[in-house]
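Subject: Structure for you to look at

Hello,

Here is the structure I said I would pass on.

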Amino acid sequence: MSSVAAQERRRTGPAPARATASSEGPGLSRKHREWLAAGLFLAPDVLGLLVFVAVPMVLSIVLSFFQVSGFGSYEWIGLGNYRRMMNDPLFWDSMQITGLYVVILVPVLFCVSLGLGLLVKQKLPGVGVYRTALFLPYVISLVVVGVLWKFLLDEQTGVVNRAMRAAGFEGASWLGSPALALGCVIAVMVWVMMGYYMIIFLAGLQEIPQEFYEAARIDGAGPWTTFRTITWPLLRPTSFFVLLMSTVAAITGGLDLIFVLTNGGPANGTSVAIFYIYQQAFGFGEYGYASAMGSFLVLIMLAISAVIFKFTRGGRFDDGE
């Protein structure tokens, strides 16, 4: 009889605890806890974007309406810097060079990175070593890369010209000709960045279910048909990301490399817009004018990004279906 009473007490024991918990008042619901956790995780990035991106952009736009003389002397000139920009032939030359630079760099980088991604996806002996070797240039400082390639491409003592002369060819002035210098900058940037975008493509390729490829092999599809009907359609979101990010990187990046490798020369042949803006700001102290050109370049970049979004439908690449 006593054992039955003990079991009854054990069954009814937790009831007061539940009543006590409910009497303490309602806590955060699961949805609110998830929102709180998400906010805490996002807070560092949001704060960093505000402090290091949003605020400097706003201050740059404000600064573009001033004539800055030395340090701390500001004179309101309204749209004067923008009028000066419109009549500056060197700025428009730099924009033309930037356009040529982007039009060549982005497609070449896209194709090379995609090809490497397809290659290192194969089950090759030592494929991990190849992936590491291809990604390694991306983690090297652009200053170091510039010094390295300046040594390799030197007209007199460079390894490239020495190898060409040893093979019976005439050496070239790789960094002394405007056309060749820009091509060298593009080639070095492809070498630096291809490993990063290779990894992005590799991640996208590994997300494609293998069952699709097995079905294609059963149907007798060749490599090109498999790529065209399976790989490319399912890789389009990744391709959109690579296209957008490489375009933004081409417009706004590469300053360190150009500064060390060519210093904008020869004859301003590699003076892209971002280098010209840097030169005006930190070379000549024209901070207001540089801010105006920087604001204009951001608008151009946003317009190009909008065109990419429109053309690719945000990575879906719909064919009107």
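Helix 11 gives the most residues to the lining of the second largest pocket, namely four. Please keep in mind that this is a predicted model. Two elements give two or more residues to that lining: helix 10, residues 210-218, and helix 11, residues 223-234. The lining has 13 residues in total, and Lys121, Gln122, Gln210, Tyr213 and Arg217 are the ones that lie nearest the centre of the pocket. Sorted by class, the 13 residues are six nonpolar, four polar and three charged. The volume of this second largest pocket is about 420 Å³.

The largest pocket comes next. Its volume is about 640 Å³, and 24 residues line it. To find its centre on screen, select Ser60, Ile274, Gly294, Ser295 and Val298, which lie nearest to it. The elements that give two or more residues to this lining are helix 3 (30-63), helix 4 (80-86), helix 14 (273-283) and helix 15 (287-312). Which of them gives the most? Helix 15 does, with ten residues. The lining of the largest pocket holds 19 nonpolar residues, five polar residues and no charged ones. The lining of the second largest pocket, in contrast, includes three charged residues.

Now go to the loop between helix 13 (255-261) and helix 14, where Pro266 is found. The peptide bond that runs from Gly265 to Pro266 is cis, and its omega is near -5 degrees. Asn263 has its place in the loop between helix 13 and helix 14 too. Its phi is near 55 degrees, which is a positive value in a residue other than glycine. Is Asn263 buried, exposed or partly exposed? The relative accessible area of Asn263 is 46%, so this residue is partly exposed. Ala267 also lies in the loop between helix 13 and helix 14. Phi of Ala267 is likewise positive, near 55 degrees, and Ala267 is not a glycine either. Ala267 counts as exposed because its relative accessibility is 74%, and the cut-off for exposed is over 50%.

The last item is a pair of residues. Val102 lies in helix 5, which covers residues 89-120. Is Val102 buried or exposed? Its relative accessibility is 13%, so Val102 counts as buried; the limit for buried is under 20%. How far apart are Val102 and Thr247 in sequence and in space? They are 145 residues apart in sequence, while their C-alpha atoms are 6.8 Å apart in space.

Regards

Definitions and conventions. Residues are numbered from 1 along each chain as its sequence is written. This is a predicted model: local features need pLDDT of at least 70, side-chain atom pairs count only at pLDDT 80 or more; totals for chains, interfaces and linings use all residues. Side-chain values use heavy atoms; hydrogens and water are left out. On a 1 Å grid over the protein atoms alone, a cavity is a set of points where a 1.4 Å probe fits but cannot get out, and a pocket is an open set with protein on both sides within 12 Å along at least five of seven lines; lining residues have an atom within 4 Å of a point. Grid points are joined across faces, edges and corners, and a volume is the space filled by probe spheres set on the points. Ala, Val, Leu, Ile, Met, Phe, Trp, Tyr, Cys and Pro count as nonpolar, Asp, Glu, Lys and Arg as charged, and the others, Gly among them, as polar. Buried means under 20% relative accessible area, exposed over 50%, partly exposed in between (1.4 Å probe, protein chains only).
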